[in-house]
Every structure is written in structure tokens, then in C-alpha cells.
Amino acid sequence: MMARFYQNGNAIDYPNNTTETIQYGEVVKLGGKIGIALEAIPTGAVGSLGIEGIYQMDSDTGTAFAVGDTLYLDNNGKVTKTAGDTVAGWAAYPKESAGTEAYVKINGAAAVKVEQQDVEQ
């Protein structure tokens, strides 16, 4: 099977099939992941959604985030550590429990701790 390069994958073209304009910066659910509107996308139009990168997002309070924590989008549009059906990404920087915003690496693999193992040569 052959594959051909199509685009770099930082953003995708997204058709707005809703009844309202998607605003710049709005979080859009994409199945179990998210995208961020990189422009206003009127109803019936196609626009760009960012699907990679680190975004500053509203977060729940009362919980601290450590770098690498998996974060989810809650029903209020905020990121949280409480597991849900929509993965927002992972915490790119720590957040204190009183913090109201988090820096989220969207749609990337969660940070993984790798331990060195002895290998015979």
C-alpha cells in the first residue's frame, strides 16, 4: 500500500455544519478529541481547526495539574483531570489548584516515563 503526503497535520479544514458561527478560539469536539478554531467559521463554511500545539484553556479549580497529566473537556468547556469522553490533551505546565487556566498540549500522546534498562551487548 502506498501513502502520499497530504498536509503537515497542525490544522485541518473543518466544515461548520451547525446552526451558529464557530468563534475564533472556540473548542470544537472531534469525536473523542478536540480542535481549536483558528478563525471564525460561519454556518455552512469551511475553516481551520488547530489539532496540534499548546493552548491556554479555561480549567476547573480545586485540582492541581502536573506536567503530563491527561486532561479532559468537561460539560462547561473547561479542562479537568476528571476522566470523561473527550480527551483535551495533557498538561504542558503545572497548574496550582486555585488556577483558572491551564496550558494544554492538545491531541498529543501523554507524557510517558521511560526508565533505562540494562541491555547486554
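This is a predicted model: local features need pLDDT of at least 70, side-chain atom pairs count only at pLDDT 80 or more; totals for chains, interfaces and linings use all residues.

Author: Here's a walk through that core, starting with its setting. Residues are numbered from 1 along each chain as its sequence is written, and side-chain values use heavy atoms, with hydrogens and water left out.

The protein has zero helices and nine strands, where strands are DSSP runs (E, at least two residues) numbered from the N terminus. Of its 121 residues, 31% are buried, meaning under 20% relative accessible area with a 1.4 Å probe, protein chains only.

Now the core itself. It has 13 residues, and those with the most contacts inside it are I34, M57, F65, L71, V79, V104 and I106. A nonpolar core here is a set of buried Ala, Val, Leu, Ile, Met, Phe, Trp, Tyr and Cys residues joined through side-chain atoms within 4.5 Å. The elements giving it two or more residues are β3, β5 (54–58), β6 (70–73), β8 (87–91) and β9 (101–106). Of these, β9 supplies the largest share, three residues. As a general point, nonpolar side chains in soluble globular proteins tend to be buried together.

Take L71 as a close-up. Not counting residues up to four places away in sequence, L71 touches F65, V79, T80, K81, V87, A88, G89, W90, A91 and V104, a contact being heavy atoms within 4.5 Å. There's also a second, separate core of six residues, including Y14, I22, A37 and L49.

Back in β9, look at A102, which sits in that strand. With 4% relative accessibility, A102 counts as buried. Leaving aside neighbours within four places in sequence, A102 is in contact with Y55, Q56, M57, S59, F65, V79 and K95. Its C-alpha atom is 6.4 Å from that of D58, although A102 and D58 are 44 residues apart along the chain. Across the protein, 46% of the contacts between residues at least 6 apart in sequence join residues at least 24 apart.

So how are the strands laid out? Five of them form an open antiparallel sheet in the order β5-β9-β8-β6-β7. Two strands pair if DSSP finds at least two bridges between them. The edge strands are β5 and β7 (79–80), each pairing on one side only. β7 is joined to β6 by two bridges in the antiparallel sense, with L73 standing opposite V79.

The other open sheet has four strands in the order β1-β4-β3-β2, again with antiparallel pairing. β1 (11–15) and β2 (27–30) are at the edges with a single partner strand each, so one side of each has no neighbour in the sheet. The twist averages 45° from one strand to the next, with axes taken as lines fitted to C-alpha atoms and angles running from 0 to 180 degrees between N-to-C directions.

That brings us to β3 (residues 33–37), which pairs with β2 in the antiparallel sense over four bridges. V28 has G35 as its bridge partner, while L30 has K33. The hairpin of β2 and β3 has two residues between the strands, and G31 takes a positive phi near 65° there.

Conventions. Buried means under 20% relative accessible area, exposed over 50%, partly exposed in between (1.4 Å probe, protein chains only).
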